[in-house]
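I opened the notebook today to go through one chain step by step.

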Amino acid sequence: MIKNRTFMMGLGSGLVVGAILLQLMWIGQGSTASDTKDLTKEQVMAAAEALDMQVIEPSEELLTADQWEEKKLSERSSDTEGSDKAKEIGTKQPDIPEQPEKPEADGKDQKPKEINKPAEPKTPVKASAPIKVNIRAGNNLSDVASHLLSAGVIDNKQAFINKATEKKINTSIQSGTYSFTAGESYNSIITKITAKPSN
C-alpha cells in the first residue's frame with residue numbers, strides 16, 4: 001500500500017511541475033512574439049547582419065545550391081533552343097571574323113625565323129639503384145612483405161603475400177640481406193628470398 005501511495009505522490013507532483021513549466025513556456029513565447037512585432041525593418045536588417053544572415057523580400061526567389069544548378073542548366077538549354085529557333089525563323093546570327101593565318105609583315109614586330117635546331121638529346125633514364133633488404137631469421141611472410149613495401153620494392157603488400165602463399169614459400173624463406181630493384185616481379189623476389197643470399 002505504501003509503495004502505491006509513494007508512486008501516486010510522485011506522479012502527482014510530476015504532473016504539477018510539468019503544468020507549471022508548460023505555463024512558463026507559454027508566457028515566454030507570448031512575450032517574444034510581441035517583441036518581434038514591434039521591430040522595424042532597419043532593426044531586423046541590423047540583427048540579420050550581426051548574425052551574418054540576409055533578409056529577403058517575400059517576392060524574392062530563395063533557392064538551394066542544387067536548385068541554382070538546375071536553373072543555370074535550364075537557362076543554358078533555353079539559350080541553345082532560342083538560337084535553334086532563330087535559325088528556323090531565318091534570323092541570321094552574326095558571323096565570326098576569321099583570324100589571319102600569318103601576321104602582316106611590316107618589319108617592326110616580326111621575329112626572325114628560327115633555324116631548325118637539332119633536337120637536344122634526351123637524358124637517359126637512370127638505372128634504378130639496387131635496394132638492399134635485410135630479412136632476419138624468424139620473420140614470417142607478412143614481416144617480409146612489410147619490409148619490401150617500406151623499402152619500395154613492392155607496391156602492394158597483400159598481392160605479394162597472395163602470390164607467395166600461392167607458391168607455398170611460408171616455411172622456406174631464408175634470412176640474409178638481399179638486393180632488389182623497385183618494381184621487380186613477385187616471382188623474381190620469391191626466387192631470391194627462398195634461395196641463400198649471395199652476400
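The entries below record what I looked up, topic by topic.

**Ground rules**

I note at the start that this is a predicted model, in which local features need pLDDT of at least 70 and side-chain atom pairs count only at pLDDT 80 or more, while totals for chains, interfaces and linings use all residues. I number residues from 1 along each chain as its sequence is written, and side-chain values use heavy atoms, with hydrogens and water left out.

**Overall layout**

I looked up the secondary structure and found 6 helices and 2 strands in the chain. Helices (H or I, at least four residues) and strands (E, at least two) are DSSP runs, numbered from the N terminus. Read from the N terminus on, the order of the elements is α-α-α-β-α-α-β-α. I then asked how much of the chain is buried, and the share is 13% of the 199 residues. In these entries buried means under 20% relative accessible area, exposed over 50%, and partly exposed in between (1.4 Å probe, protein chains only).

I turned to the surface and found a nonpolar patch formed by Val16, Val17, Ile20, Leu21, Leu24 and Ile27, which together have about 580 Å² of accessible area. Patches are made of residues with over 30% relative accessible area and no salt bridge, with like charges joined within 9 Å and nonpolar side chains (Val, Leu, Ile, Met, Phe, Trp, Tyr) within 5 Å. The areas come from the Shrake-Rupley method with a 1.4 Å probe, and for residues only the protein chains shown count as cover. Val16 belongs to helix α1, which covers residues 2–37, and Val16 is partly exposed at a relative accessible area of 49%.

**Helix α2 and Val55**

Val44 has its place in helix α2 (residues 41–50) and counts as partly exposed at 33% relative accessibility. Val44 and Val55 are 11 residues apart along the chain, and 7.9 Å separates their C-alpha atoms. Lys41 is also placed in helix α2, and at 52% relative accessibility Lys41 counts as exposed. Between the C-alpha atoms of Lys41 and Val55, which are 14 residues apart along the chain, the separation is 9.4 Å.

How do the axes of α4 and α5 cross? The axes of helix α4 (residues 141–151) and helix α5 (residues 157–166) come within 9 Å and cross at roughly 135°, and the two helices are therefore oblique to each other. Axes are lines fitted to C-alpha atoms, for helices over the stretch in contact, and angles run from 0 to 180 degrees between N-to-C directions. Angles under 35 degrees count as roughly parallel, over 145 as roughly antiparallel, 65 to 115 as roughly perpendicular, and the rest as oblique. For α5 and helix α6 (residues 186–194), the axes come within 10 Å and cross at roughly 60°, so α5 and α6 are oblique to each other.

**Salt bridges**

How many salt bridges does the structure hold? I found 2 salt bridges, each defined as a side-chain nitrogen of Lys or Arg within 4 Å of a carboxyl oxygen of Asp or Glu. Lys163 forms one with Glu166, their closest N and O atoms being 3.9 Å apart. Both residues lie in helix α5, 3 residues apart, about one turn of the helix. Lys163 is partly exposed, with a relative accessible area of 25%, whereas Glu166 is exposed at 57%. A salt bridge also joins the side chains of Glu184 and Lys192, at 3.0 Å from N to O. Here Glu184 is buried, with a relative accessible area of 11%, and Lys192 counts as partly exposed at 30%.

My last entry concerns Lys168, which I found in the loop between α5 and β2 (176–180). Lys168 has a positive phi of about 60° although it is not a glycine. Is Lys168 buried or exposed? Lys168 is exposed, with a relative accessible area of 70%.
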